[in-house]
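Subject: Structure handover

Hello,

Here is the structure I said I would pass on. Please look through it before reading my notes.

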Amino acid sequence: EKTAWQPHLTLGRIRSSRGLVGLTELVDSLKGEPLGECPVDRVELMRSHLDQPRACYTVLQERN
């Protein structure tokens with residue numbers, strides 16, 4: 001690939017609003033669970049558009 005690799009973590013993917021309830025329940029069930037540690041310098045909430053020849057990502061919000 002011509003672009004540099006950027007590590008990321010996909011926490012959930014919803015293809016339609018039909019999956020939103022299940023994802024919300026899963027996230028709620030993990031409250032208080034230790035998930036490990038990793039240094040993070042920013043968090044971006046992104047939308048992925050996977051119906052194109054290549055995945056296209058749009059940053060919806062960013063926090064430093």
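The notes below go from the basis of the model to the whole chain, and then to single residues.

This is a predicted model, in which local features need pLDDT of at least 70 and side-chain atom pairs count only at pLDDT 80 or more, while totals for chains, interfaces and linings use all residues. Residues are numbered from 1 along each chain as its sequence is written, and side-chain values use heavy atoms, with hydrogens and water left out.

The whole chain

The chain contains one helix and two strands, in the order α-β-β along the sequence. Helices (H or I, at least four residues) and strands (E, at least two) are DSSP runs, numbered from the N terminus.

How does the radius of gyration of the chain compare with that of a compact globule of 64 residues? The chain has 14 Å, whereas such a globule would have a value near 11 Å. The radius is taken over C-alpha atoms, and the globule rule is 2.2 Å times the number of residues to the power 0.38. Along its principal axes, the C-alpha trace spans about 40 × 35 × 20 Å.

Of the 64 residues in the chain, 0% are buried. Buried means under 20% relative accessible area, exposed means over 50%, and partly exposed lies in between (1.4 Å probe, protein chains only). The chain exposes about 6,700 Å², with carbon and sulfur atoms supplying 53% of that area. Accessible areas come from the Shrake-Rupley method with a 1.4 Å probe, and for residues only the protein chains shown count as cover.

Among contacts (heavy atoms within 4.5 Å) with a separation of 6 or more, 14% are between residues 24 or more positions apart.

The strands

Strand S1 (residues 43-49) and strand S2 (residues 56-63) run antiparallel and are joined by seven bridges. Two strands pair if DSSP finds at least two bridges between them. A hairpin of six residues connects S1 to S2. Which residue in S2 is the bridge partner of His 49? The partner is Cys 56. Leu 45 stands opposite Gln 61 in S2.

Gln 52 sits in the loop between S1 and S2. Gln 52 counts as partly exposed because its relative accessibility is 41%. The C-alpha atoms of Gln 52 and Asp 41 are separated by 30 Å, although the two residues are 11 apart along the chain.

The helix and the segment before it

Leu 23 lies in helix H1. Is Leu 23 partly exposed or buried? Leu 23 has 24% relative accessibility, so it counts as partly exposed. Not counting residues up to four places away in sequence, Leu 23 touches Leu 11, Gly 12 and Ile 14. Leu 11 is 12 residues from Leu 23 along the chain, and their C-alpha atoms are separated by 9.4 Å.

Ala 4 belongs to the segment before helix H1 (20-29). Ala 4 is exposed because its relative accessible area is 66%. Its C-alpha atom and that of Asp 28, 24 residues away along the chain, are separated by 34 Å.

Regards
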